[in-house]
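Me: I'm new to reading models like this one. Could you take a close look at a single part, the sheets and how the chains meet, and walk me through it step by step?

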Amino acid sequence: MSKVTLDHASASDVFNADEPYVNWHDETLWFVRHKRDKSSKQLPEWEALRQTASDIKHYVLSHLDTLLETFERKAKENGVHVHWASTAAEHNEIVLGLLRKHNIDRMVKSKSMLTEECHMNDFLAKNGIEVIDTDLGERIVQLRNEPPSHIVLPAIHLKKQDIGVLFHEHLGTEEGATDPQYLTEAARQHLRDKFLTRRAALTGVNFAVAETGGFVVSTNEGNADMGAHLADIHIACMGFEKIIPKQEHLGVFLRLLARSATGQPITTYSSHFKKPREGQEMHIILLDNGRSTQLGREDFRNSLKCIRCGACMNTCPVYRRSGGHSYHNAVAGPIGSILAPNLDMTKNADLPFASTLCGSCSNVCPVKIDIHDQLYKWRQVLVKQGHVPKGKEIGIKAMSVVLSQPRFYQWSGKLGRAVMKAMPFVVNNSLNPWYKNREMPEPPQESFRDWYIRNRK
Amino acid sequence: MSAREKILQQIRLNKPEETELPKNIDFDSHYEDREAKFIESLSAIYTEVIVVPDLGALRTKVEELYGGVVNKASTIPALADWADFSLQVTDPHDLETIELAILEAEFGVAENGAIWISDNHLPHRVLPFITQNLAFVIPRNSIVSNMHEAYKVLKDTTGWGCFISGPSKTADIEQSLVIGAHGARSLVVFLVDHA
């Protein structure tokens with residue numbers, strides 16, 4: 001865990017120090033985006049599916065209270081314990097309390113971005129509980145003592161050489177071995193032992209169904225099921241927006257989720273949990289942690305429709321060239337940048353600016369969240385409420401003065417062109433952030449306005 | 001006030017104006033030849049599909065394919081005396097050494113090769129995951145086109161069920177696909193004409 005949190009731009013500078021590495025990161029994610037395109041284009045009804053998913057989620061937002069009450073009632077009828085947590089701290093205390101009650105100090109966990117959001121592993125470690133992440137990518141970053149850099153592909157920022165070194169140190173693989181097959185087999189053996197010896201398993205939740213009181217967990221590796229079906233106690237943690245009304249709605253969402261995430265038609269395992277197995281205890285924790293506040297922000301509430309597929313990250317030119325860790329938030333990329341300011345405007349004021357507003361995120365989003373519009377709107381909220389650095393604020397205000405006065409604007413343009421022509425060193429230097437990695441353009445002879453006036457006759 | 005009350009109150013205060021659920025949630029992509037599409041979907045994820053006329057032929061095929069294997073288990077009555085690993089255990093951890101499990105499952109989905117299996121057909125939920133290798137046996141006429149149809153068929157009232165599509169896999173190391181992450185290292189699907 002890094003102690004000093006750099007803002008997105010500074011962290012990106014560090015990430016960009018190694019150009020071949022950044023190019024590789026960029027291409028790897030673009031490859032995943034491409035697989036999503038190929039997969040989605042095989043379904044003529046793709047756009048209708050997206051709209052339907054978005055509409056179902058809108059219904060969910062407008063009926064959240066009653067859906068959650070129904071879900072709770074059904075889940076209890078199924079013999080599942082339901083817990084409610086207002087904050088991350090409450091969530092973590094509930095998990096700790098359940099483990100203490102059963103005298104358990106070691107637990108396996110499958111992928112749950114929610115527990116990342118709550119910094120649960122750190123909290124449990126401080127309280128003497130060992131948590132083993134069992135998704136391969138998550139285990140890799142856990143051994144490196146860093147958070148996942150992507151919600152679906154947690155170790156996408158690492159090369160196989162990095163993982164070879166890591167596994168040699170922690171799992172005793174051969175020095176210099178980098179073959180993914182060999183490294184994965186070593187992790188399989190290492191984690192199989194954990195599945196067989198841990199009495200508690202924690203999983204995330206992809207969808208919870210109000211109608212049945214059940215919930216669905218999707219994985220490719222089978223780690224959620226290996227953990228949950230062997231453990232005495234299964235704890236499932238979810239943000240309350242993961243609720244959907246009916247089981248048949250899973251048809252819509254499961255068709256969209258994996259295709260958007262990795263281009264697969266469905267994940268290997270879509271596990272539908274409803275009742276604990278005989279002798280097992282099953283718990284569900286419903287977390288708010290700012291979600292009910294976001295629900296009240298009209299411009300931003302649609303962000304709660306997110307199904308965590310990661311498509312917006314894979315397509316984002318800024319994410320691909322700055323890496324997930326630059327976003328200093330459990331969820332990175334475009335969606336993370338519209339969720340994070342709701343949690344803490346001061347700490348996350350930089351994130352809505354980490355975008356070109358190109359709109360690609362909104363175009364690939366399977367539930368049609370207006371991500372780039374929300375990024376733009378957050379910028380306005382953040383500047384108005386004084387959360388951006390003075391330098392940026394002064395710059396924005398100066399722009400506003402220039403752009404709102406036509407004569408002043410014309411004069412500034414003329415002056416700019418003259419200066420760039422006569423004294424190019426004024427802009428071609430490292431004090432100008434636009435000069436980084438690019439040459440400034442040749443100044444044009446005249447402005448478009450001058451050209452237009454001359455040629456109109 | 002409890003967390004529950006606090007959350008529900010805040011939601012009631014902040015939720016948007018009520019909207020309706022979409023009426024139609026059933027979309028096209030019905031395949032003329034569902035079986036061909038099912039086989040295509042599964043071969044793309046390294047899964048072999050074998051058609052057999054009846055359970056007798058299944059037995060012959062299984063003996064031929066898995067002659068030398070030890071620690072094999074099955075939930076199919078016709079394979080009961082062929083299996084050498086008893087599923088009559090109380091602790092699921094005891095299944096750890098199973099090499100091959102041949103399991104009765106319910107139906108398949110053409111668009112993605114997923115197969116539904118549930119408490120209905122399983123003595124232990126962990127069985128399809130903990131076994132090193134897995135085979136499913138489903139009726140040949142049970143393949144539906146897509147997930148919308150799947151949920152129409154699915155009237156499962158048991159406590160747990162899963163769509164399984166191919167062997168366990170991961171691409172977490174440099175996006176290189178590796179088969180056999182934590183679950184089964186291989187999957188074979190038998191379609192039986194007259195089960």
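Reply: Let's begin with one pair of residues: the bridge partner of B:I50 is B:F190, which sits in β11(B). This is a predicted model, where local features need pLDDT of at least 70, side-chain atom pairs count only at pLDDT 80 or more, and totals for chains, interfaces and linings use all residues. As for the labels, residues are numbered from 1 along each chain as its sequence is written, while chains are lettered from A and ligands numbered from 1 in the order in which they are written.

Now look at the strands around that pair. β1(B) and strand β11 (residues 186–194) of chain B run parallel, joined by six bridges. Helices (H or I, at least four residues) and strands (E, at least two) are DSSP runs, numbered from the N terminus, and two strands pair if DSSP finds at least two bridges between them. β1 and β11 belong to an open sheet of five strands in chain B, with parallel pairing and the order β1-β11-β6-β3-β2. At its edges are β1 (48–54) and β2 (72–74) of chain B, each pairing on one side only. On average, neighbouring strands of this sheet are turned by 20° against each other, direction ignored.

A helix goes with this sheet. Helix α3 (residues 55–65) of chain B lies across β1, β3 (100–104), β6 (133–139) and β11 of chain B, and runs at about 135° to β1(B). Axes are lines fitted to C-alpha atoms, for helices over the stretch in contact, and angles run from 0 to 180 degrees between N-to-C directions. Contact itself requires the C-beta atoms of two residues, placed from the backbone, to lie within 7 Å.

Strand β9 (residues 269–273) of chain A pairs with β8(B) in the antiparallel sense, over five bridges. Here A:H272 stands opposite B:G161 of β8(B). Within chain B, β8(B) is also joined by four bridges to strand β5 (residues 115–118), again antiparallel. One example is B:I115, whose bridge partner in β8(B) is B:I164. Altogether, this open sheet has eight strands with mixed pairing, in the order β8(A)-β5(A)-β6(A)-β9(A)-β8(B)-β5(B)-β4(B)-β7(B). β8 (243–244) of chain A and β7 (143–144) of chain B stand at the edges with a single partner strand each, so one side of each has no neighbour in the sheet. Helix α12 (residues 249–261) of chain A packs on the sheet, touching β5 (207–209), β6 (214–219), β8 and β9 of chain A, and its direction makes about 175° with that of β5(A).

Finally, step back to the whole meeting of the chains. Chain A gives 70 residues to the contact and chain B gives 58. On the chain B side, the elements with two or more residues are α1 (3–14), α4 (127–130), α5 (147–153), β8 (160–164) and β9 (169–170). α1(B) gives the most, with 10 residues. By class, this side of chain B has 25 nonpolar, 19 polar and 14 charged residues. Here Ala, Val, Leu, Ile, Met, Phe, Trp, Tyr, Cys and Pro count as nonpolar, Asp, Glu, Lys and Arg as charged, and the others, Gly among them, as polar.
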